[in-house]
Amino acid sequence: MPGASLSRWTLTYFACALVCLLVAESLMVMGFGYPGAAIDAPETLILVHLVAIGWLSLLMCGALFQFVPVLVARPLLGEALPPVALAAILLGLLALLAGFAGLSDLIAVPPEMLPLGGLLLVAGFGAVMLSLGRTLWAARPLALPARFVVVGLAALLGTVLLGETFALVLSGRLGGDMALSLLLNGVPLHALLGLGGWMTFTAMGVSYRLLAMFMLAPETERYSTRLVLAAGTLALVLVAAATPFAMSAGAGLAGLLLAAAATGLLAMGVYASDVVALYRQRKRRNIELNAVAAIGAFAALLASAMLLVALLATGQLQTRIGALTYVFAFGWLGGLGLAKLYKIIAFLTWLECFAPVLGKRQTPRVQDLVDEPRAAPWFGAYYAAVGFATLCLLVDLPTAFRLFVGMQLFATLAIARHFYRSRELLNVPPELRRGFARPHPFLPPARKVP
Amino acid sequence: MSRAEDEDLAGQVREALKLVIDPELGQNVVDLGMIYNVSVTDRCVATISMTTTTRGCPATGFIRQAVEDRAWSVEGIEFVDVQLTYDPPWSPARIAPEIAGLLGR
């Protein structure tokens, strides 16, 4: 039978991801890391990796374990791997953060902590790639959205390998001119492959299918989507191809990155037109909050692209990279994540609690699990806070920045509370939830849901 | 007579399926146009051809099972064969006119 089943560990991934986001936002409110510290200070590296690995990557992995089977209409292969991967990634992240803390003498840890953390991350993400890769490989030929995921996973591989190389150099385990030169020049490649390749490209691919699915838009394979796939892949290949230049401190590095930026911007532009077309062609006129809130994320992606062009044109990219990364990570990736979580948590909870008795007794709709009018303002507050915080970084107002991050933290907490209410069936009318056990907030169901 | 009985039973099965809702749209699968065909032969064998709004949707197995269970519940039905098809794919045009405003205007 074609179809996918419920991914058991996805909600555990989401819960861990949300905790990392809340911790990262709290640290920023307290003035930890950039802009109080330098952009390459260990404190900033702690923040960046807490957000990139803890929040965004765990979110993405949890979502992919559920949605890759939907994309390819086949069950996930290697079902035992998600909990193993989660444990390895969490341990790896902790070791990595401890290693960074050791670099700035916040705590005393042996220098090997960094590469050990990196190794655990390689193992954890390796398990993710193995499980998803096998599932995708078995489903060839792949539809377009799934091909985005393949490219995203390849970028993830590049990201973790570069990261582990840096960790080895920083700990003194790997030496030589080339290794040192890679550490000095290769950080942008690591960041671009991670934020641009792994997260953005994968999110783009999944969004094509999710937007069409939840808004009932036609799922036609557009020529323009092929162009996004080709241009985006080319941009990532250019970034990866810059690695030898970074190792030799070659002159070609800047040129390759500029070419990658141009093709990447082209891919983003065509993607934007595809998204507008999906929203316009939707059959479901009264769209749900997850689709409305996602518009804020698309706006943030557009703002990031425009900011990148403006910074390149004025030669301020180096000095303002923090602001660009902030709006990209929290506005685009984080905003899209929170918006889609609002739907996915309700949908998975419905599957877990009510699907087994469908047709046997009256069941609520997925929409009965959420309270959109009360949740909507918090998404608005979240995006407003991210926007103002970014502006503060652009005009050097560190205290105001912390104030707006505080607002962002408050909005995130309110949205997380809505996730909890939906998960615990607190929005479902009592007569419809009578007789149903409330599921565990974030642990998998005891019995397997088919 | 048996043909009329078969048709009557098919009508009963169709009516029974109205208790199965699509969790996303909140309406029953019959009015949403997801049940392509219901036929009964030999006064006891029901064959149902159905689809879902999205291919690969994780709720598919549950909806199919619910359709099978409901058909079984009709008195006289002894065997149920539910065939899942995506040819032709479901489209909102299949929604019954009575609930056509469901998706908004």
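Predicted model: local features only at pLDDT ≥ 70, side-chain atom pairs only at ≥ 80, totals over all residues.
**View 1. The interface as a whole.** Chain B and chain A bury about 2,400 Å² between them, with 68% of it on carbon and sulfur atoms. If you count residues in contact, you will find 30 from chain B and 33 from chain A.

**View 2. Charged and polar pairs across the interface.** Here we zoom in on how the two chains pair up. The count of salt bridges between chain B and chain A is 3. In one of the salt bridges, R284(A) partners with E24(B), and the closest N and O atoms are 3.1 Å apart. Across the interface, 5 residue pairs are in polar contact.

**View 3. The side of chain B that touches chain A.** Helix α2 (residues 60-72) of chain B gives this side its largest share, 8 residues.

**View 4. Helix α2(B) and its surroundings.** Follow α2(B) through its 13 residues: from first C-alpha to last it reaches 18 Å, close to the 18 Å expected at 1.5 Å a residue. Buried residues of this helix include F62(B), I63(B), A66(B) and V67(B). The charged residues E68(B) and R70(B) are buried too. What covers the buried residues of α2(B) comes from both chains, including α12 (317-353) of chain A and, from chain B, α1 (2-16), β1 (35-41), β2 (45-50) and β3 (79-84).

Notes
Residues numbered from 1 in each chain as written. Chains lettered and ligands numbered in written order. Heavy atoms only, no water. Contact = heavy atoms within 4.5 Å. Buried area = accessible area lost by both parts, 1.4 Å probe. Salt bridge = Lys/Arg side-chain N within 4 Å of Asp/Glu carboxyl O. Polar contact = N/O pair within 3.5 Å; in protein donor to acceptor, adjacent residues only side chain to side chain. Helix = DSSP H or I, 4+ residues; strand = E, 2+ residues; numbered from the N terminus. Expected span 1.5 Å × (residues − 1). Buried < 20%, exposed > 50% of the residue type's maximum accessible area, 1.4 Å probe, protein only.
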